[in-house]
Amino acid sequence: MAEPEASHKPQHEGYLWPSADYDRQLASVRDMIGESIYLVLIKPSDINLAVTLENKPVTLLDVVDFPAPDPARRLYPHMLILSDGRGINLGHIARLSYKQAFSPNAEQIIYQQDALLKKFLFQDRRLSPQSIRDTSRIQLARILGKAEPERLE
């Protein structure tokens, strides 16, 4: 089997896959093998980005190479093997922490996708009657199998 590419650096400023400090964070994650960790999972869909903060710790059993990384599907080059039987790709994890599930301090954060969190979760929202109407029309068109209305920025 071919070795995975050693460097996973972004191609240009603002590039989200993987983050600029991916290799450093991956080393910190590997150091936590055998320890209890807390997960914040992300699940992107066509119309939203779901975030799940898990309040029960799981033991990190291993970090394995993922054979088919794919930025379009948010599949990073590594996967976590957890004590609850799950294998989760790092591209589907927004944050890993230890000792504290909610609002961990900086020393307790093992891995975090800063660019993703800033761009999609913590940016200012412009929720207005017009934006709700536009989103509703797009979703309704998808449900009815019609052509989507043109999107305005």
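**Salt bridges, a ring pair and a core**

Modeller: In this predicted model, Glu54 and Arg86 meet through their side chains in a salt bridge, 2.9 Å from N to O.

Colleague: What makes Glu54 and Arg86 a salt bridge?

Modeller: The cut-off is 4 Å between a side-chain nitrogen of Lys or Arg and a carboxyl oxygen of Asp or Glu. Glu54 and Arg86 come in at 2.9 Å, so the pair counts.

Colleague: Why do you say this pair ties together parts that are apart in sequence?

Modeller: Look at where the two sit: Glu54 is in the loop between strand S2 (49-53) and S3, while Arg86 is in the loop between S4 and strand S5 (87-89). Those parts are 32 residues apart in sequence, so the pair ties them together.

Colleague: Why is Glu54 called buried, and why is Arg86 called partly exposed?

Modeller: Buried means under 20% relative accessible area. Glu54 has 17%, so it is buried. Arg86 has 26%, which falls between 20% and 50%, so Arg86 is partly exposed.

Colleague: What else does Arg86 meet in a salt bridge?

Modeller: Asp84, with 2.8 Å from N to O. Asp84 is at 41% relative accessibility, so it counts as partly exposed. Through shared partners, Glu54, Asp84 and Arg86 join into one network.

Colleague: How many salt bridges does the count come to?

Modeller: It comes to 3. One of them links Arg24 with Asp21, whose closest N and O atoms are 2.6 Å apart.

Colleague: Why does Arg24 count as exposed?

Modeller: Exposed means over 50%, and Arg24 has 51% relative accessibility, so it counts as exposed. Asp21, at 25%, counts as partly exposed.

Colleague: Now the aromatic rings: how many pairs are there?

Modeller: The count comes to 1 aromatic pair.

Colleague: Why are the rings of Tyr22 and Tyr76 called edge-to-face?

Modeller: Their centres are 5.5 Å apart, so they pass the 6.5 Å limit for a pair. Their planes stand at 75°, and over 60 degrees counts as edge-to-face, so that's the label. Tyr22 lies in helix H1 and Tyr76 in the loop between S3 and S4, so the pair ties together parts 54 residues apart in sequence. Tyr22 and Tyr76 are buried.

Colleague: Which residues have the most contacts inside the largest nonpolar core?

Modeller: That core has 19 residues, and those with the most contacts inside it are Ile37, Leu39, Leu80, Leu90, Ile93 and Leu96. Among the elements that each supply at least two core residues are helix H1 (22-31) and strand S1 (36-44).

Colleague: What does Leu96 touch?

Modeller: Leaving out residues up to four places away in sequence, Leu96 touches residues including Val29, Ile37, Leu80 and Ile110.

How values were computed. Residues are numbered from 1 along each chain as its sequence is written. This is a predicted model: local features need pLDDT of at least 70, side-chain atom pairs count only at pLDDT 80 or more; totals for chains, interfaces and linings use all residues. Side-chain values use heavy atoms; hydrogens and water are left out. A nonpolar core is a set of buried Ala, Val, Leu, Ile, Met, Phe, Trp, Tyr and Cys residues joined through side-chain atoms within 4.5 Å. Buried means under 20% relative accessible area, exposed over 50%, partly exposed in between (1.4 Å probe, protein chains only). Helices (H or I, at least four residues) and strands (E, at least two) are DSSP runs, numbered from the N terminus. Contact means heavy atoms within 4.5 Å. Rings of Phe, Tyr and Trp (its six-membered ring) pair if their centres lie within 6.5 Å; planes under 30 degrees apart count as stacked, over 60 as edge-to-face and the rest as tilted.
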